[in-house]
Structures are given as structure tokens and as C-alpha cells.
Amino acid sequence: MNPPKSMASRRQQTLRHPSLRRDLPVNAGPLFRLLCYLLAVLAPLSGVVAATARPNIVYLICDQWRASATGYAGDPNVKTPNLDRLARSSFNFVNAVSVCPVCTPYRAALMTGRFPTSTGMFLNDAHLPDTEVCLAEVLKSAGYATAFIGKWHLDGNGRAAYIPPERRRGWDYWKAGECDHTYLHSHYYTGTSDVKQFWEGYDAFAQTLDARQYIRDHASGAQPFVLMISYGPPHFPFNTAPPEYTALYPPETIKLPPGVPPEMQELARKDCQGYYANCTALDKCIGDLLQTLEETGIAQNTIFVVTADHGEMMGSQGAPPTMKQVAWTQSANVPFVLGYPALTAGQGRTIRTPLTTPDIFPTLLGLAGVKAPAIVEGEDLSPLLRDRRETDRAALYMAVAPFAGHGFDQEYRAIRTDRYTYVRSLEGPWLLYDDIQDPNQLDNLVGQPQSAEVQAKLDARLQAQLKQVGDDFRPAQAYIEEWGYPLKPGQSLPYTAGKGAGFAPHRGPAVRQE
């Protein structure tokens, strides 16, 4: 899509720098004239264009990569040199949480900037309602080229089903599949063909090659682009990483964090071998993409985000490996590194201000100079990046109708601040952790006299957050019925096409009205 005429004209004017081509004074000397000429010629190379032209956006979603499983976060095992370098020169949000720590709900909140209780997208394999306004649609209307590569998981018509262009929510370049964790033979569809194709070899490497080519093809154009790459790893099965990466992590050398019970430690070390191997393989992808941005000369004016849809418990709190959805930090806290050299000038910052998934949509738009739709519920955090300031806020996250199993199907509402995690269950206050003093969340402060004042303040903040998004925190069954799901608590929608597939949540005639 070509940019609207007004935007194309605006970008053209920026590139020409008319302010540097004014008529020179008749008495201007040769040195002054030479200086003006050099300014006009060299300004694009010095970042003047970057300050005025809309930035490109490259957004990487990794599946199930918890925030602590990086070198820069202090994990003693994993090797992530490229991500570590990026974090040192970027905005590193250390208190980013997944709004509902499981695949489809996160992706729906990312694409809409809205909470799961507002869209009904709180279960896996639901179809994102066609009435929702999505990120790529807004950016496309602002003149962006749009591209999506990898795992979609928002169509709901079966994990192997073809997704036609009209259901791609504004993404024009398309090499994606609904959901496939067969990393050595995963499928995708492209263009308008319903013929299933397969990535060659380890899919994250093949997807990265395709993304690098997309960047090269669009680097020299006047139109900005947004490229979203949605990787499947390090989500289980963990034993699918390339052998040379698996060999880096002998299970007997892996150091587990405190909080993994003895009976789970052998399994956790075995699964960590593959988990970390996939993380390091993805780190190579990150490095390759950053290299391509540098080689094409567009790194300066490109927003580059690395994050995840949710984390991984890996035995912590007694939750078995592969577990997410739960409220603890290993599940909910995700990496969120945002590089933007035009803004950071290579000087990284640790951002302690919390961020939740719906905040990402308006924040990206804010950085791009695009107005967010009024229906968006997240907060634009771009001012704190531009103004180099922090703000006192709480990030809301939740489990509306969890289906994790293993005795972990507890509904909850939670907030994370720059210091604390506070969680309510339906029975009342449930968890309170000081994340600075107790990063592994081993000492629950709920009900302890010395924490009573903090608990009361956090509870009031949580209640205010829920009121703001219109959520009165009811049992799972109430939301299932409100949104018309043909399910019972603890269930989720089918993986395959057929009965129950393609379900889009909707409020029916029996909706509760206050």
C-alpha cells in the first residue's frame, strides 16, 4: 500500500530538508555557503530524518520466554549475547507482565490494546472478533507497509487451517500459520493460496531469513514498515532445538533457582536443557536481524522490540515445567526490550515503570506519532521514554477462566508495581511479594502484620484498576456465559477444525447489565 498523499508529501518534504535550502544572503562567503551545502547533504546521515520521519517497527514475539531466562537478567545458565547487547543500549522494561499469561489472550490484547474482559479473548483458540480495531489496521491507515511472519493464534478455525486475507487484521505481507510447535517441520500459508507450505529446517531460522529479506526489500523505500515476527520457541516441546545449541547445556550443569521442589528438579533440568537451547537459538535470530538493520542503514530510525507472550514456571512454586497462566513472576513477567537508537542514542535505560500488554499498542503508536483509537484501554508510555522519567503506576494482569490443570486453575486478578506483586483470588487477598527483596517470590507477605499497610494500599490500587476497565471479578463461569463460550470452567476451545472451531466471543442477550 502506498502512503496517503499527505503523508507521502510530508515524508518527501522531510527528506528534502527545505529549511536548509533557503535563499542565502547575497553577502554570504564561500565557507558559509560550503557549510550550508554540507548540512543539506549530510543531514539525512546524521539522524535529522530519523527525528522527523515515522520510524519502522520490528516486533519479535517469542513464545513462553520468561523474563529471568536471559543473560542480562542474571540467569547463570543461558547464553544470550545479542539480546544482552541490545538490552544495554535500549529501554529495558524489567516489570513487564503478560496481561493474561497464555498465548491467544496475550496476542488479542497486543493487537487491540484492550483487556481480555473487554474483548472476551481470555481463552486459547478463540477467533478475534471482527469488530475489534487492530494494530496493523491503524498503522496501515497511517501509511505503513505491514508484514507478519510466524505464529498467529487468533483465527480460531483450527491450528492447521488456512487464514484468508480478510481475516489477517491489516497484515498484508503474510507468511504465517495459526499455531504449530513442530519446529523442524512447521507450516505456513502465504499470499492468497490455501496450499500449506513448510519452513525449511528449524523454523525460527527460516522465518528470520525471510524477515531479513523483507527488511532489505523495504529499507530504501519512502514508506515506513511494521514487521512482526512471531516465533514458536522456546515453548515446548523443548527437545527440538538444533543439536549444537542443545549441546551447550548439559542437564547436570544447570543451576535451578530456589523454589523448585526436589521431586521436580531432575525433570526441570532436563527440560531446561532444551528450553535454554531454544533461547540461544533465538538469540542468534535477534543478532541476525539487528545486523540486517545495520547493513541496510535503517537501524537508527527503527523501533526494535523483543518480548514474549508469557513465561514458563519450570518447576517453580511446584508448578510443573510447561506451566504458565498462573500469577507468579516466572509465568507473568516477560522480557520487554525496546531499542530505538534515534531516541536512546545508544544509552540504555532500565525502566522500572510496569507495563502490561494493552499498553504496547498505544506506546508503539505514540513513538510512531500515530493517534491511538479512543477504544484502546492501555496507556501510552512513550512520554516516559521521551522525557526520560519514570511514573508511579500498577500493571494489571489476570486469569479469567484458567485451564492450566494440575490443580492450578485458580481465577485471579493481579497488579505489579515497581516493587510489589499483589494478587487476589475470589476468596480475597492471596499473594503479596516484594519483588526487589524476594525476586523468586518465596515469601508470601499476605496477612503478615508488618505488611498490612502495604497490602491495603495495593488492594485499593487493584480495585481501582478493575473499576477502570469495568471488571467486577466474578467466577470463571460468569465470563464464559457472558461471552457465549460453549464450555465449562477449566475447558478451552478445540485445536482442530470442526465443532466449536471458529468461535468468536460475543455478548449475547443474557448479558449481565449493571
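1. Asp-434 and Arg-419 form a salt bridge, with the closest N and O atoms 2.7 Å apart. A salt bridge here is a side-chain nitrogen of Lys or Arg within 4 Å of a carboxyl oxygen of Asp or Glu. The pair links distant parts of the chain, 15 residues apart: Asp-434 sits in strand S16, Arg-419 in the loop between S14 and S15. Asp-434 counts as buried, at 8% relative accessibility. Arg-419 is partly exposed, with a relative accessible area of 33%. The cut-offs are under 20% relative accessible area for buried and over 50% for exposed, with partly exposed in between (1.4 Å probe, protein chains only).

2. A note on the model. It is predicted: local features need pLDDT of at least 70, side-chain atom pairs count only at pLDDT 80 or more, and totals for chains, interfaces and linings use all residues. Residues are numbered from 1 along each chain as its sequence is written, and side-chain values use heavy atoms, with hydrogens and water left out.

3. Next, the sheet that holds S16. It is open, with 4 strands in the order S13-S14-S15-S16 and antiparallel pairing. Strands S13 (395-399) and S16 (428-434) stand at the edges; each has a single partner strand, so one side of each is left without a neighbour in the sheet. The twist averages 15° from one strand to the next. Strands (E, at least two residues) and helices (H or I, at least four) are DSSP runs, numbered from the N terminus. Two strands pair if DSSP finds at least two bridges between them.

4. How many bridges join S15 to S16? There are 6, and S15 covers residues 420-425. Arg-424 has Pro-429 in S16 as its bridge partner.

5. Helix H15 (residues 452-468) lies across S13, strand S14 (412-416), S15 and S16. Contact means heavy atoms within 4.5 Å. The helix runs at about 70° to S15. Axes are lines fitted to C-alpha atoms, for helices over the stretch in contact; angles run from 0 to 180 degrees between N-to-C directions.

6. Other salt bridges deserve a look. The whole structure has 22. In one of them, Asp-471 meets Arg-413, with the closest N and O atoms 2.6 Å apart. Asp-471 lies in the loop between H15 and helix H16 (476-482), and Arg-413 in strand S14, so this pair links distant parts of the chain, 58 residues apart. Both residues are buried.

7. Asp-472 and Arg-474 also meet through their side chains in a salt bridge (2.7 Å, N to O). Asp-472 is partly exposed, at 38% relative accessible area. Arg-474 is buried, at 15%. Elsewhere, a network of salt bridges links Asp-63, Arg-107, Lys-151 and Asp-309.

8. Check two peptide bonds. The one joining Pro-233 and Pro-234 is cis, with omega about 5°. Pro-234 is in strand S8 (residues 225-234). The bond from Phe-236 to Pro-237 is cis too, with omega near 10°. Pro-237 is in the loop between S8 and helix H9 (243-246).

9. Then the backbone phi values. His-153 is not a glycine, yet its phi is positive, about 60°. It lies in the loop between strand S4 (145-151) and strand S5 (173-177). Is His-153 buried or exposed? His-153 counts as buried, at 1% relative accessibility.

10. Arg-388, also a residue other than glycine, has a positive phi near 55°. Its place is the loop between helix H14 (382-386) and S13. Arg-388 is partly exposed, with a relative accessible area of 46%.
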